[in-house]
Amino acid sequence: MTEMLACPSGGLDKTESIIHRGSYILRCAACGETIVATSFMAMLDSDHQCSAFIDPGPGKHPSPETLVARGPFRQIATAISAAASDGTLIRLISEAKV
Ligand SMILES: [Zn+2]
């Protein structure tokens, strides 16, 4: 997950975690390019502390009032998938520094 992959725009310094319907996507914060996509289901047994927001777009910080859920991933997964089910992009922000 910390592995940095080449970005077509060259300016990759940061990735963003996005949930889109049933997919977990890593997106370049600089250009919005999708870097890695995997199944949302693969994340479900994680106790990682995180916050989910309505995605404001690449490189932008979500505002507090767009918070969808906060807590261990396995506990907020239902709220996230409900919010993402209509195609809304959900930004996942990790709370814990590993
Ligand atoms: Zn990029």
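Visitor: How many helices and strands does the chain have?

Guide: In this predicted model, the chain has 1 helix and 6 strands. From the N terminus on, these elements run β-β-β-β-β-α-β.

Visitor: What makes strand S1 and strand S6 a pair?

Guide: Two strands pair if at least two bridges are found between them. Strand S1 (residues 15–20) and strand S6 (residues 90–94) share 3 bridges, therefore they count as a pair. Their sense is antiparallel. At isoleucine 18, the bridge partner in S6 is arginine 91.

Visitor: In what order do the strands form the sheet?

Guide: The order is S3-S2-S1-S6-S4-S5, in an open sheet with antiparallel pairing. From one strand to the next, the twist averages 25 degrees.

Visitor: Why are strand S3 and strand S5 called edge strands?

Guide: Strand S3 (34–39) and strand S5 (67–72) each pair on one side only. That is what the term edge strand expresses here.

Visitor: Where does helix H1 lie, and at what angle to S5 does it run?

Guide: Helix H1 (residues 73–84) lies across S1, strand S4 (49–54), S5 and S6. The angle to S5 is about 160 degrees, on a scale that runs from 0 to 180 degrees between N-to-C directions.

Visitor: What makes a residue of this chain buried, and what percentage of the residues are buried?

Guide: A residue is buried if 20 or more other C-beta atoms lie within 10 Å of its own. Buried residues make up 18% of the 98 residues in the chain.

Key
Residues numbered from 1 in each chain as written. Predicted model: local features only at pLDDT ≥ 70, side-chain atom pairs only at ≥ 80, totals over all residues. Helix = DSSP H or I, 4+ residues; strand = E, 2+ residues; numbered from the N terminus. Contact = placed C-beta atoms within 7 Å. Buried ≥ 20, exposed ≤ 12 C-beta atoms within 10 Å, placed from the backbone.
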